[in-house]
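Keep the sequence at hand and find each residue as it comes up.

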Amino acid sequence: MTTYSLLILPGDGIGPEVMAEVRKVIGWFETNRGLSFDVSEDLVGGAAYDKHGKPLSDETMARAQSVDAVLLGAVGGPKYDNLDFSVKPERGLLRLRKEMDLFANLRPAQCFDALADFSSLKRDVVAGLDILIVRELTSGVYFGEPRGIHSDDNNPQNEGGRVGINTQRYTSGEIRRVARAAFELARKRGNRVCSMEKANVMESGILWREEVQWVHDNEYADVELSHMYADNGAMQLVRNPRQFDVIVTDNLFGDLLSDAAAMLTGSLGMLPSASLGAPMANGRPKAMYEPVHGSAPDIAGQGKANPIACILSFAMALRYSYDLGAEADLLERAVEKVLADGVRTADLMGPQGGKPVSTAEMGDHIVKALSEL
Ligand code: NAD
Ligand code: IPM
Ligand code: MN
C-alpha cells in the first residue's frame with residue numbers, strides 16, 4: 001500500500017488551531033478510505049525561534065526536503081515583531097520556499113454559492129467566481145540583492161541619515177518557468193492567462209511582459225494571453241473579477257492581489273494555496289501547501305479561526321502531491337456542503353448576524369459531511 005508522507009508545520013497564532021482540524025480530516029481518510037499517511041510534525045516561525053533561537057532549524061529544513069508534501073499553518077505575531085530581521089518568523093517560511101525552490105504559488109479564489117452574499121462585493125459581481133492567481137514565489141523584491149538598511153551619513157539632505165534598500169530582480173529563466181506553470185494550468189481550466197506587471201515604470205516589468213509573451217508565442221499559442229498593469233489589475237479584480245481565468249504575476253504583486261481576491265470569496269479564512277517546484281524523481285512537484293492567511297493574532301487562542309483555508313490547502317496536497325484527485329474533489333464538496341447547510345465561523349457572518357461555530361465545530365461538520373457524501 002502507498003504511504004503518503006506529510007510534514008506538518010503548524011507555526012504560530014491560529015496555525016496550530018486550524019491544523020488540528022486538518023488532522024481530523026486526515027484521520028477520516030485513513031479510517032474510511034484506507035489511505036495511509038506518514039505524518040510528522042515540526043516547528044516553524046516563532047514556535048521554532050522559542051525553542052532553537054531561529055525560525056527554522058536545519059533539521060526541519062532537511063525533513064521538508066525529504067517528504068512528499070509539507071503543510072504549513074501560519075507564522076508570525078506581535079511577540080516576535082521586534083526580533084532581529086534575520087530571525088523573524090517570516091524568515092523561516094521564506095527559507096522553506098527558497099531552498100525548496102517553490103517558484104509557482106497557486107492561489108485559487110473561488111466563491112462558493114453559499115457565500116456569495118458574504119463577500120464585500122455584490123452577489124452579481126462574485127457569484128460563480130473561479131480564478132487562479134499564479135504568484136512567482138522565489139524571486140523578485142523579496143529576495144533581490146542589494147538589500148538592507150544602511151547609514152546614509154554622507155547625505156546631509158537626508159534627515160535621519162538612513163536608507164532602506166530592496167531590489168526587484170528577475171531573470172528571464174525565472175519568468176519563463178512560472179509563465180509555463182500558468183499556461184499549463186490555464187489549459188486545464190478556461191485557457192486564458194492575464195499577466196500583470198508594471199512595464200510602464202519598471203524594467204523588470206518590461207522583461208516580465210516580453211518573456212511571458214515569448215513563452216506564449218513559442219510554446220502556448222493556443223492559450224489566450226493578455227497583459228495588464230498591476231494597478232489596473234487590482235482595480236479590475238474588484239470591478240469585474242470574473243473577467244479573469246488565470247492571473248500570473250510577480251512575488252510582491254501576487255501577495256497583494258491574492259489578499260484582495262480573498263475578500264471576493266467572503267473571507268481570507270477561505271483561501272488555500274499550493275507552492276510548487278520542479279518535479280521530483282517520482283514525477284510529482286516538490287510542494288508546500290499553506291493557507292493564504294497569516295497567524296491572525298487578533299483572534300488567536302479564541303477558537304474563532306476559520307479552518308477552511310487550511311483544509312482546502314490539504315485538498316490541494318491530495319490533488320497535486322498524492323495524485324488523489326477524487327479524494328480532493330470529495331473534500332472540496334464536503335466544504336461546499338457545510339457552507340450550503342449554513343454552518344459559519346465568525347469571519348463568515350454577514351451583516352444579518354447569526355450564531356457562529358467554533359474552529360473545532362467547523363472541522364467536525366466537515367468530517368461529518370465527508371461521511372454523508
Ligand atoms: P492575517 O492574515 O494574520 O490577518 C488579517 C485579518 O484576517 C485579521 O483580522 C484576522 O483575524 C483575519 N483572518 C485571517 N485568517 C483568518 C481565519 N483563518 N479565520 C478568520 N479570520 C482570519 O494578517 P496580518 O494581521 O497582517 O498578519 C499577522 C501575522 O501573520 C504577521 O506576523 C504576518 O507576517 C503573518 N502572516 C503570515 C502568513 C503566513 O504564515 N503564510 C501570511 C500572512 C501574514
Ligand atoms: C503570504 C505572506 C508571506 C508573504 C509572509 C508572511 C512572508 O504574506 O504568504 O502571503 O509575504 O509571502
Ligand atoms: Mn500575504
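1. Tyr322 touches Tyr4, Asp68 and Ala317, leaving out residues up to four places away in sequence; two residues are in contact if their C-beta atoms, placed from the backbone, lie within 7 Å. Tyr322 sits in the loop between H10 and H11. Helices (H or I, at least four residues) and strands (E, at least two) are DSSP runs, numbered from the N terminus. Is Tyr322 buried or exposed? Tyr322 has 20 C-beta neighbours inside 10 Å, so it counts as buried. The cut-offs are these: a residue is buried if 20 or more other C-beta atoms lie within 10 Å of its own, exposed if 12 or fewer, and partly exposed in between, with C-beta atoms placed from the backbone. Between the C-alpha atoms of Tyr322 and Gly77, which are 245 residues apart along the chain, there are 32 Å.

2. A word on what you are looking at. This is a predicted model, in which local features need pLDDT of at least 70 and side-chain atom pairs count only at pLDDT 80 or more, while totals for chains, interfaces and linings use all residues. Residues are numbered from 1 along each chain as its sequence is written, and chains are lettered from A and ligands numbered from 1 in the order in which they are written.

3. Now look at Asp323, in the loop between H10 and helix H11 (325-340). Its phi is positive, about 60°, although Asp323 is not a glycine. Most residues other than glycine have a negative phi, and most peptide bonds are trans. Asp323 is partly exposed, with 15 other C-beta atoms within 10 Å.

4. Ala296 also has a positive phi, near 45°, and is a residue other than glycine. You will find Ala296 in the loop between strand S12 (285-289) and helix H10 (308-320). Ala296 has 23 C-beta neighbours inside 10 Å, so it counts as buried.

5. Next comes the sheet. Which order do its strands take? It is an open sheet of 10 strands with mixed pairing, running S2-S1-S3-S12-S11-S4-S5-S10-S8-S9; two strands pair if DSSP finds at least two bridges between them. At the edges are strand S2 (36-41) and strand S9 (224-229), each pairing on one side only. On average, neighbouring strands of this sheet are turned by 25° against each other, direction ignored.

6. Inside that sheet, strand S4 (residues 104-110) and strand S11 (residues 274-279) pair in the antiparallel sense over 3 bridges. Ala104 stands opposite Leu276 in S11. Helix H6 (residues 172-187) packs on the sheet, where it touches S4, S5, strand S8 (192-197) and strand S10 (246-249), and its direction makes about 165° with that of S5. Helix H9 (residues 251-264) packs on the sheet as well, touching S4, S5, S8 and S10, at about 155° to the direction of S5. For these angles, axes are lines fitted to C-alpha atoms, for helices over the stretch in contact, and angles run from 0 to 180 degrees between N-to-C directions.

7. Strand S6 (residues 144-151) pairs with S7 in the antiparallel sense over 5 bridges. Gly148 has Ile165 in S7 as its bridge partner. Of the 6 residues of strand S7 (residues 162-167), the number buried is 0, so S7 lies largely in the open. Pro146 belongs to strand S6, and the peptide bond from Glu145 to Pro146 is cis, with omega near 0°.

8. An unreviewed UniProt entry lists Arg97, Arg107, Arg135 and Asp231 for "binding site". They span 135 residues in sequence, and the farthest two C-alpha atoms are 26.0 Å apart, so they do not all gather at one spot. UniProt positions are given in the numbering used here, feature names are shortened, and annotations may be inferred rather than shown by experiment.

9. Arg97 lies in helix H4 (residues 89-99) and is buried, with 21 other C-beta atoms within 10 Å. Arg135, in strand S5 (residues 130-136), counts as buried with 27 C-beta neighbours inside 10 Å. Beyond four places in sequence, the contacts of Arg135 include Arg107.
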